[in-house]
Amino acid sequence: MTEDVQKHSVHTLVFRSLKRTHDMFVADHAKPVSLDETSHKVKMAAKLRADYSAVLHMPVLKEGKDRPLGSNMHSNQNNAQPGDDPEYLITGTHAYPSAPGVALTVDTQIHRNPSEGGVHAMALALPPSQARLDASRTAASVGDIHRHAGGAERSHAPHSHAMSLLEGGGTKNSSLVARKAPTMPKPQWHAPWKLFRVISGHLGWVRSIAVEPGNQWFVTGAGDRTIKIWDLASGKLKLSLTGHISTVRGVAVSTRSPYLFSCGEDKQVKCWDLEYNKVIRHYHGHLSAVYDLDLHPTIDVLVTCSRDATARVWDIRSKANVHTLSGHTNTVATVRCQAAEPQIITGSHDSTIRLWDLIAGKTRATLTNHKKSVRALALHPRQYTLASGSADNIKQWTFPDGNFIQNLSGHNAIINAMAVNSDGVLVSGADNGTIHLWDWRTGYNFQRIHAAVQPGSLDSESGIFACMFDHSESRLITAEADKTIKVYKEDDTATEESHPINWKPEILKRKRF
């Protein structure tokens, strides 16, 4: 027997809803937590050490019972009694007495700390001494101060004591002397780049680029699931390859054999024979979309990276999965190979870069300086250095251990692609369609480009997904979200006089994080 469901009026239901809402928000969660005395003392002690450690060595005075702390020492100097012996604890460098932690003796107890007003009056009255000028030029270390501390200072006249107090109360401490900040060296002049050609043909976002070793043609992969081969000189379409069932995210052309490799969001990695224009091998193993791939320059090895948080090393001919490089905790977005150690470098959405030992299949080093996803890596063709691009900064590193060099700040967007040529021009392309060109050595941003989107596209479809120099390094090719490929060239007519470097010797931005 079914029970009748009790019906309520709309007024009752609304009232119940209001009551539930009221009960949910009636608790005052925004009320601050009451102050805990112990925690506050620990916090203040840590802040003192962190912010004021350089001046914690200043003198500490313990007064007798009959003298209030902080009283004017000049007013009490003439009233000192023989039995009245205040204890001075000197915790750092000071003129009275010179050695740290020594109480005053009968011979030196007539010396008193001057009042603050007396110190300032004396500082204004006295001319700058040679010792003070020397102290402003070169700062002595704490060890030097302790070495030179001795009985000679105690026999100084009051005039000399006051001067040594003024000069030794901070200027001698190397941690308090303002050092001159290093300045950025003048960057090398580079000719500006200008848009040379716009190539249309893809029906989806163009996600990847590769130039063949002979520099005659280049390959692009796109969101329309096709791979297209274009003539580099004329920009005309030569061939379209179909086979992927989802976006093609990476392409690479072998320098050792007539093979083209591609990977995509369909989890597939394919090897194409360019003599027959068909797939001859598949590399199975990734559990999710494959985002990038790269070929080893000297051995027949292919490296791919995926959304499954791994990179995989494949033997090209046997299709064997030689290594599965695991360690990243999020999508591995980009991978690069080189002949020298470390032979494999990966960048991930877990904001780290890993340098891998190819033989052992293990991590050599993990670079954790970035705070955001690392989506782009660029290896310098001549130097043993690397650049990584993220939304927080572009950072430069040295191999083999990944030591940090400097930050390149200013490209405030999600950086998807980077490339660098032998002339030291670093290019970064971002998701808002902007391209920044940098001087590699100094990190100076000498040009910014924001090309217009293809007619008929939305303004929001202006992202740069890939960029690459051709082998002559005279052309820069970019793959973009407006379904076009853009080719840039250096302006041959530009000179350093017509396009001077707008450079100021600003403070060097080499943040160590």
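## Strands S6 and S7

In this predicted model, strand S6, residues 226-231, runs antiparallel to S7, and five bridges join the two. Within this pairing, Ile229 has Leu239 of S7 opposite it.

## The sheet around S6 and S7

S6 and S7 belong to an open sheet of four strands. The order is S4-S5-S6-S7, and the pairing is antiparallel. Strand S4 (206-211) and strand S7 (237-242) are at the edges; each has a single partner strand, so one side of each lacks a neighbour in the sheet. On average, neighbouring strands of this sheet are turned by 20° against each other, with direction ignored.

For S7, the single partner strand that goes with an edge position is S6, given the order S4-S5-S6-S7. The five bridges between S6 and S7 and the placement of Ile229 opposite Leu239 therefore describe the pairing of an edge strand, S7.

Strand S12 covers residues 290-295, and six of its six residues are buried, so the strand is largely enclosed by the rest of the structure.

S12 pairs with strand S13 (residues 301-306) through five bridges, and the two run antiparallel. A hairpin of five residues leads from S12 to S13.

## A nonpolar surface patch

Four residues, Leu48, Tyr52, Val55 and Leu56, form a nonpolar patch on the surface. Together they have about 350 Å² of accessible area.

Leu56 is located in the loop between helix H2 (37-52) and strand S1 (60-62). Its relative accessible area is 48%. Leu56 counts as partly exposed because this value of 48% falls between the limits of 20% for buried and 50% for exposed.

## The chain as a whole

The chain contains seven helices and 30 strands. Of its 513 residues, 44% are buried.

Among contacts with a separation of 6 or more, 50% are between residues 24 or more positions apart.

Key:
Residues are numbered from 1 along each chain as its sequence is written. This is a predicted model: local features need pLDDT of at least 70, side-chain atom pairs count only at pLDDT 80 or more; totals for chains, interfaces and linings use all residues. Side-chain values use heavy atoms; hydrogens and water are left out. Two strands pair if DSSP finds at least two bridges between them. Axes are lines fitted to C-alpha atoms, for helices over the stretch in contact, and angles run from 0 to 180 degrees between N-to-C directions. Buried means under 20% relative accessible area, exposed over 50%, partly exposed in between (1.4 Å probe, protein chains only). Contact means heavy atoms within 4.5 Å. Patches are made of residues with over 30% relative accessible area and no salt bridge: like charges are joined within 9 Å, nonpolar side chains (Val, Leu, Ile, Met, Phe, Trp, Tyr) within 5 Å. Accessible areas come from the Shrake-Rupley method with a 1.4 Å probe; for residues, only the protein chains shown count as cover. A salt bridge is a side-chain nitrogen of Lys or Arg within 4 Å of a carboxyl oxygen of Asp or Glu.
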